[in-house]
Amino acid sequence: MISELEMKISRDLLILVAVSFGLLVVSELLAPGFIEIDHLSFILEITAIVGTAALGQTLVILTGGIDLSVGTIMYLMLAIAPRLMREEFLLPFLICLAVGALVGAVNGILIAWARVPPIVQTIATMTALTGFIFIYSGGVSGAKAHPLLRAMTVNQIGPLHSCTVIWIILIIFFYIILHRTTYGRYIQALGSNPRASYLSGIKVKLTTFSVYTLSGLLSALAGLFFYGYANIPYYPSQTGGLGIDYAFSSITAVVVGGTLFTGGKGGPDRTFFGALFMQLLVSLLVMLGLPQALRLLVNGAILLVIVIIYKLLQKSIKLTKLS
Amino acid sequence: MVQSKLSPKLKKFATAYTVYVLLILFWIASSLFVKNFITLYNMVTIVIVCTSISLVSLGQNMVILTGGIDLSVGAVLSLATALASIFMKSDTILGVAVALAAGLLIGLFNGLIVSKLKIEPFIVTLGSMGIASGLALYLRPAPGGYISPEFINLVFYSIKIFDVNFPITCFLILVLTTIFGEIVLLKRNLGRMIYAVGGNEQYARLMGVPVDRVKIICYCISGLTAALAGLYISAMTRVGSPSVGDPFTLYSIIAVTLGGTSIQGGVGRYINTVGAAIIVASIERLMNQIGVLGIMGSWFTWIVEGIFLVIVIVLSMKVKGK
Amino acid sequence: MNDALSVIGLTKTFPGVIAVNNVTLSFKEGKIYGLVGENGAGKSTLIKLLTGAEKPTKGKILIKGEQAEINSVEEGELKYGICAVFQDDVSIPLLSVAENIFLGKESIFYKNGLITYSLLYRASEEVLKRLNLRIDVKTQMSNLSVAERKLVHIAKAVYKNPKILILDEATAPLSRTEVERLFSLLRELKQKGTTIIFISHRLREVLEISDVVIVMKDGKVVAEIENVNLSQDKVVEMMTGTKVELAFPKRAEKVGNIVLSLKGIKLDNILNNISLSLHEGEIVALAGLRGQGQEKLLEAIFGLEKLDGGEIYLSGKRIDISEPVDAIKNGIIYVSDKRDYEELWPTLSVLKNVSMASLNKRSRFGFIKLKNEMKEVAEMVDFLAIRAPSVLHETMYLSGGNKQKVALAKWLLVGGKVMLLNKPTDGIDVMTKMELYRILRDLAGRGKSILTYLSELPEVLNLPDRILVMREGAIIKEFKGGTVSEKELLASYYGSV
C-alpha cells in the first residue's frame with residue numbers, strides 16, 4: 001500500500017546497499033577470504049561498537065539536534081568500568097549505563113529547558129568530561145575487562161558476536177519505536193517542526209530530554225562494548241577533546257545512512273547500513289595497505305561524494321513530486 | 001542588587017561586551033587566588049596563545065554568523081604547518097604562499113558545496129576536515145620539517161620590557177586581526193550582508209543579497225585565517241605537525257559562542273570573540289601557573305572551560321529572554 | 001508609443017507543471033493594473049518573471065519596445081526600474097530599519113571605505129518620508145508591527161522611483177486608513193507616469209484602485225478588461241469560470257448553552273479586561289482593525305501567553321490554562337494563521353500530519369493502530385475535500401488552501417468543543433474559502449463552538465452569528481450577525497459608534 005513515490009525515496013538506500021555489495025566484491029577479490037563468515041562476523045563486531053553510539057546519535061539527529069559527547073562518554077566508560085567491575089558484573093554494569101544516561105540527561109536538561117544549542121552543550125560536556133576522565137584515571141590504563149563483559153561482547157551466538165546481536169536487537173527495537181509508537185512520531189515531529197509540535201500538544205521538552213538521555217545510555221553501552229572488545233582500556237594521545245573522532249564517526253554513519261538533519265526521513269535501519277558501509281570502506285582501505293593518512297582522506301572524500309549523490313537524488317525526487 | 005544601581009548606559013555597555021566584564025572578573029578572582037597572576041610575563045603568554053585562537057576564530061566567526069560552521073579549520077591549520085615545513089626549505093615566501101593557497105582552496109571548496117549544492121555545512125566541513133587531515137598526515141607524518149628562522153624571528157620579534165620578552169609582532173597581529181574583523185563586519189557592505197544571510201537567508205536573497213557569494217567568501221576567509229594561524233603556530237613550534245591544529249576547531253567554536261555569537265547566526269561581534277579567546281588563554285595560563293598539570297597538559301582547563309561555557313550561554317539566554 | 005512593459009508569449013514551466021502559459025499582456029505608463037486569480041493561477045510566478053527572480057522558459061519581455069533579459073532582481077531594479085513589494089515580509093529582523101532599507105547597497109555611504117552610519121540613517125529617514133512614516137530607523141526591524149514593516153517595504157520600493165511598481169498582496173496587514181493613504185500615493189505615482197501592478201485577493205480593493213483588471217486562471221490570462229461596471233461577482237466568475245455567488249452559508253437558527261466564558265482577561269497592555277461568552281453551535285467573530293488584540297486573545301486562551309489577570313470558564317467550571325497542552329486537554333483547540341510555521345510538519349506525510357495531535361486516541365500502550373489511523377485520516381480527507389496525490393505525500397508540496405485543510409483536519413481529529421481560529425482564510429483562493437465557510441458552519445451545526453478572528457470585511461459581515469469588535473485590547477461593540485451594514489461595522493472599528 002506504499003505509493004510509488006515512497007519506494008523511490010528508498011533509492012538512496014538501494015544505492016548504499018549496492019555500493020556496499022560492490023565493496024564486498026572488491027574486498028573479496030583483493031583478499032580472498034574476506035567474505036568468509038568469520039571475517040564478516042568480525043567486521044560486524046567492530047561495526048557494532050560505533051554502531052551502538054550511532055544509534056543514539058540517530059535519535060538525536062532525528063529531532064534536529066546533534067550529540068558531540070558520544071565518544072567522550074565511551075571513554076568515560078573506559079575510565080570508570082575497570083574500577084567498578086572488579087568481582088561483580090551486573091550491578092556495576094548497570095551503574096555504568098546509568099552514568100552514561102545521567103550525562104545524557106544533563107545534556108538533555110540544558111538543551112530542552114535552558115535552550116542551550118545542542119552543538120554548544122555537547123561540546124561543553126565533551127570538554128568537561130575529558131578533564132574529568134584524566135583526573136579520575138590519570139590517563140593510565142586500567143584493569144582487564146570483566147569476563148562477563150568480554151562474554152557479552154565477544155562471545156558468539158551462532159555466526160555473530162554477542163555485541164552484534166545486541167546491537168541488531170536494539171536497532172530493531174528502536175525501529176519499531178520510531179515507526180509504530182506515538183513517542184516515535186513525536187521524535188519525527190520534533191525534527192520536522194518543533195514549533196508546530198509544541199502547539200499541537202506534544203511535550204517537546206520531555207521528548208528532547210529523552211533522546212539525549214537515550215543517546216548517553218547507548219553511548220555508555222558502546223563504550224562498554226569497546227572495553228569488552230579491547231580488553232584493556234587505553235586512551236589515545238589526544239588534545240582536541242577526547243572521543244571526538246568517535247562522535248564524528250557516529251555522525252558519519254547516520255548521515256551516510258540517509259537520515260536527514262531536517263527530519264522526516266531515516267532511522268535506525270538506515271544507520272545500520274550507514275555504519276556497515278563505513279566499516280567496509282575502512283576495512284577495504286586497510287587491506288589495500290593505505291596508510292592512515294590516505295584512509296582519512298578517502299573517508300572524508302567518500303562522505304562528501306555520498307552526501308552529494310543523496311542531495312542530487314533528493315532534488316530530482318522533489319521535482320517529480322511538484323508536478 | 002548591584003545591577004539596579006548601574007546607570008542604563010553602563011548596563012548597555014556591559015551587555016554588549018559581557019565577555020570583557022567576565023574577563024575582568026576572572027582576572028580579579030585569579031589574582032586573589034594566585035599571588036602573581038597579573039604580571040607582564042603572564043599577559044605576554046596570554047597574548048601569544050590568544051593570537052592563535054583569535055586568528056582561527058575570525059574565519060569561524062564569519063562562517064557561524066552566516067548560519068554555518070567550519071569543522072575543517074583545525075585540519076587546515078595542521079595542513080598549513082605541514083606545507084610550510086616543506087616549502088620553506090626552498091623559499092620562505094613560497095612556504096607562506098603555498099600554505100595560504102591551501103587554506104584558500106579548501107575554503108573555496110567548502111563554500112561552493114555549501115552554497116551551490118545546499119548541503120549542511122556541518123557535513124561538508126566534516127568531509128573536508130578528513131581530506132585536509134589526511135593530506136597533513138601524508139605530507140608530514142611526524143612533527144618535523146623546516147620553518148625558516150627568518151620567519152620565526154619575524155613573527156616572534158620581541159623587545160625586552162622590564163626583563164620580559166615582549167613579542168611585538170604577535171601583539172600587532174592580535175590587534176590588527178581584531179580591527180580587521182570589526183571593520184569588515186560592522187563597517188563594510190560585506191559585513192552587513194553576512195548578518196543578513198545569518199538573520200534570514202531566504203529574505204536576504206529576495207532583497208538582492210548575493211547569498212551564495214557571501215557564503216563562499218566567508219568560507220574562503222575561514223580557510224585563510226586557519227592557514228594564517230597555522231603559519232603562526234609553525235613559527236611558535238618551529239616545526240610542521242600533522243595534528244597540532246586539532247584542538248583549534250573546538251577552540252574556535254568555543255571562542256565564537258562564548259563571545260556571544262549565536263550558533264544560528266545573525267548576531268554577534270568579533271571583538272567579543274577575541275575577548276572569549278583571551279579568557280580561554282587566561283584559564284590555560286592560570287592552570288599552568290597553579291601547576292595543575294596532567295598527562296595531556298592542562299586537562300583541568302577542560303572542566304573549567306566546559307562549565308564556564310554552559311554558564312555563560314545560560315546567562316545570555318536569560319538576558320535575551322528566550 | 002511604446003508600452004512601458006509588455007510580455008509576448010511568456011511561458012514558465014517547471015517539471016510537470018506549466019505555471020505561466022503563453023501570456024501576452026501590455027502595460028502602459030501611468031495606469032494601474034489589478035491582477036487577480038485563484039491561488040495557483042500563476043500570478044506570483046508571473047511577477048517573479050517580471051522582476052527577474054525567475055527566468056522565462058519561453059517568450060519575451062519588452063521594456064519600452066526593447067527586449068529585456070532580466071537575470072536577477074538587482075538587474076530588474078537597476079537596469080529596468082522594476083521594483084516589487086513581495087507578499088512575504090521580506091526583512092532581516094535583527095538588523096535595523098535603516099540597514100534593511102539599504103541592504104546590499106551600503107557602499108553608497110562609504111567614507112574612506114567605511115560605512116558612515118549617520119548618513120545611512122539620514123537617507124533612510126528620507127525614504128520613509130514618502131509615505132509620511134514616523135518610524136525610528138535605528139530600531140530593529142523586529143520591533144515594528146507587521147503593518148509598519150510592510151509600509152517600510154513599500155516606501156523602499158517607491159523611493160527607488162520605479163518605472164514599474166509591483167505590489168503583491170501588499171495591503172494584507174494594513175488598516176483601512178493605511179490602505180487609503182497608500183492608494184492616494186499610488187494615484188500620485190500614476191499621474192507621474194509610473195506603471196503599477198496591484199495583486200490582491202481583496203477584490204474590493206482591486207476594483208477600487210485599478211484602471212484595468214487582469215484575470216489569470218491556470219497560468220493563462222482569461223480576461224483583461226477596463227474597470228468599468230465590474231462587480232466582484234463578475235470578477236469571481238471570470239476567475240473560476242463558473243457563475244459563483246459569493247454566498248455565505250446561512251447562520252444558526254438558535255444556539256445552545258454557554259460553553260466558554262472569559263471574565264476580565266488582562267495581558268500587559270495588549271488585552272484590557274476582556275469578558276465574553278461563547279455558546280454551543282455558535283460562530284463568533286472577533287473583528288476590528290489589525291493589531292487590536294484579537295490574535296493575542298486567541299493565543300492567550302490557548303495558553304500561548306501568560307495572562308496577567310482574568311478567568312476562563314468551560315461549561316461553568318473554572319479552568320487554568322498555562323500551556324497548549326492544558327487547553328487541548330480541556331477540549332479547546334487553536335488553528336494558527338501561520339500554517340507553515342506553526343501548524344504543519346512539512347517533511348512529514350499528510351497522514352502523519354493529520355493524526356499527529358490525536359495519536360493517543362488510536363494507540364494502545366503507546367503503539368499506534370495503523371489501520372485505524374489510515375481509516376480516520378481518509379475519512380477526514382474526504383470530509384474536507386483535501387486535494388493531494390496521496391496521503392503519503394509530504395505536506396510541503398500542497399497548495400495553501402489544502403495546507404489549511406490539513407491543519408483543520410488535524411484539529412478536528414482531536415475533537416474538542418471549542419475551536420479558536422486565527423484568520424482561517426488568509427491567503428486562500430476564493431473557491432476554497434467558500435468551502436471552508438461551509439465546513440465551519442457545518443461544524444457549528446454539529447455542536448462545536450467557534451471563536452475566530454476574521455480580518456476581511458465580507459467574512460465578518462456574512463459568516464458569524466455574532467461579531468465582537470475589538471479596539472485597543474477591549475471589546476467595544478457587539479453586533480448580531482446580519483444586523484449591521486458594512487459602513488456601520490467599519491465605523492465601529494474606529495470606535496465612532
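1. Strands E15 and E22 of chain C pair in the parallel sense over four bridges; two strands count as paired if DSSP finds at least two bridges between them. Helices (H or I, at least four residues) and strands (E, at least two) are DSSP runs, numbered from the N terminus. Within this pairing, Leu286(C) has Tyr453(C) of E22(C) as its bridge partner. E15(C) also pairs with strand E23 (residues 466-471) of chain C, in the parallel sense and over four bridges, with Val284(C) opposite Arg466(C).

2. The model is predicted: local features need pLDDT of at least 70, side-chain atom pairs count only at pLDDT 80 or more, and totals for chains, interfaces and linings use all residues. Residues are numbered from 1 along each chain as its sequence is written, while chains are lettered from A and ligands numbered from 1 in the order in which they are written.

3. Strand E15 (residues 283-287) of chain C is mostly covered, five of its five residues being buried. A residue is buried if 20 or more other C-beta atoms, placed from the backbone, lie within 10 Å of its own, exposed if 12 or fewer, and partly exposed in between. Ile283(C), Ala285(C) and Ala287(C) point one way from the strand, Val284(C) and Leu286(C) the other.

4. These pairings belong to an open, mixed sheet of six strands in chain C, ordered E18-E21-E22-E15-E23-E24. E18 (332-335) and E24 (474-480) of chain C are the edge strands; each has a single partner strand, so one side of each lacks a neighbour in the sheet. Neighbouring strands are turned by 20° against each other on average, direction ignored; axes are lines fitted to C-alpha atoms, for helices over the stretch in contact, and angles run from 0 to 180 degrees between N-to-C directions.

5. Strand E21 (residues 418-422) of chain C runs parallel to E22 (residues 449-453) of chain C, joined by five bridges. Leu420(C) has Leu451(C) as its bridge partner in E22(C). Helix H14 (residues 400-414) of chain C packs on the sheet, touching E18 and E21 of chain C, and its direction makes about 175° with that of E18(C). Contact here requires C-beta atoms, placed from the backbone, within 7 Å.

6. Leu420(C) touches, among others, Leu298(C), Phe302(C), Ile332(C) and Leu451(C), not counting residues up to four places away in sequence. Together with Met77(A) and Ala80(B), Leu420(C) touches the most other members of the largest nonpolar core, which has 340 residues. Such a core is a set of buried Ala, Val, Leu, Ile, Met, Phe, Trp, Tyr and Cys residues joined through C-beta atoms within 7 Å.

Technical notes: Contact = placed C-beta atoms within 7 Å.
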